[in-house]
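Subject: Structure for you to look at

Hello,

I am passing on the structure we spoke about. My notes on the sheets, the helices and the core follow below it.

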Protein chains: 2
Amino acid sequence: MKRIVSVVMLVTALGCNQPKVDKKAEGEKIMQLSKDWSQTVATKDVEKIVSYWADDAFVMQDGQPPFKGKQAIRQMVEESFKIPGFSISWQPESVEVSDSGDMAYMIENAQVSYTDSTGKRVTHHNKAVSIWRKQADGSWKNAVDISTGDPSQNK
Amino acid sequence: MKRIVSVVMLVTALGCNQPKVDKKAEGEKIMQLSKDWSQTVATKDVEKIVSYWADDAFVMQDGQPPFKGKQAIRQMVEESFKIPGFSISWQPESVEVSDSGDMAYMIENAQVSYTDSTGKRVTHHNKAVSIWRKQADGSWKNAVDISTGDPSQNK
């Protein structure tokens, strides 16, 4: 009987092949990634900044054509840093992880600043949604990134 | 031996408790929902339009404060229909479903039109991301909806 139970347990384990996902822990991991990423942007290290995106990531920002894939995104980052006084930072607001732990989405609040032609400092407040996909190596990468103006933050 | 195999199979089935998700079929269902929803908007049936959103849905649009929850969203829909000549329609571009079939996201292209104070017809082209959650009753509802201006569609 002991042997049957062992076989049953083994087959159950193999058959499932889906370990229980700790959604809370995965969500915290992604919240931390978002915070780290925002701090990384301040270093202006383009390669490090771009490493948070998946290879086929899709970035959408108000008033700009969508950026699809890492090469287009890298260019977008490089161009942004050419804008006088450009800076961007954000704070994660909430995260939701799928039951299978392969997909997650986050709501973020972002601030984009630059210096205009008269030397005045301009700051835009955005609401952002980022979608994260777990990669084959177990790391989370940003697959979709969209932001839009949020006047309720302009105080 | 036969009996052991049966027990093993039964326990495997029970242990998993996660039927294989047909991600393609679920994705097609959501694509169809998106198309149906866009057509429903043309009917101006507010209750029917609002029924596509989850109770705690979150809507973000450029230049407007975020709308959180069905009551705020219903008001937003009602206000939109008061804008002279207001119309909105969209087409799903792509959909991705989580392995567990509980979460999905879609990229959409949207057109928002209205008549301005001079009687001129104005149309904005937006890129949108919608996040869908499977509800307890098996239906998919929109949980997050964010759109941003896409000048690459202005031709």
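Two strands are taken as paired if DSSP finds at least two bridges between them. The model is a predicted one.

Chain B first. Its open sheet has six strands in the order β2-β1-β6-β5-β4-β3, and the pairing is mixed. At the edges stand β2 (67-68) and β3 (87-97) of chain B; each has a single partner strand, so one side of each is left without a neighbour in the sheet. Strands β1 (residues 53-61) and β6 (residues 140-149) of chain B run parallel and are joined by five bridges. In that pairing B:Phe58 is opposite B:Val144. Two helices of chain B pack on the sheet: α2 (residues 23-43) touches β3, β4, β5 and β6, with its direction at about 175° to that of β3(B), and α4 (residues 70-80) touches β1 and β2, at about 55° to β1(B).

In chain A, an open sheet of six strands has the order β2-β1-β6-β5-β4-β3, also with mixed pairing. Its edge strands are β2 (67-68) and β3 (87-97) of chain A. Strand β1 (residues 53-60) of chain A pairs with β2(A) in the antiparallel sense over two bridges, and A:Phe58 stands opposite A:Lys68. Helix α4 (residues 70-82) of chain A lies across β1 and β2, at about 55° to β1(A).

Finally, the core. The largest nonpolar core has 56 residues, and those with the most contacts inside it include A:Tyr105 and B:Val144. Residues touched by B:Val144 include A:Tyr105, A:Val129, B:Phe58 and B:Ile131.

Regards

Note on methods:
Residues numbered from 1 in each chain as written. Chains lettered and ligands numbered in written order. Predicted model: local features only at pLDDT ≥ 70, side-chain atom pairs only at ≥ 80, totals over all residues. Helix = DSSP H or I, 4+ residues; strand = E, 2+ residues; numbered from the N terminus. Contact = placed C-beta atoms within 7 Å. Axes fitted to C-alpha atoms, helices over the stretch in contact; angles between N-to-C directions. Core = buried A, V, L, I, M, F, W, Y, C linked by C-beta atoms within 7 Å. Buried ≥ 20, exposed ≤ 12 C-beta atoms within 10 Å, placed from the backbone. Lists of a residue's contacts leave out its neighbours within four places in sequence.
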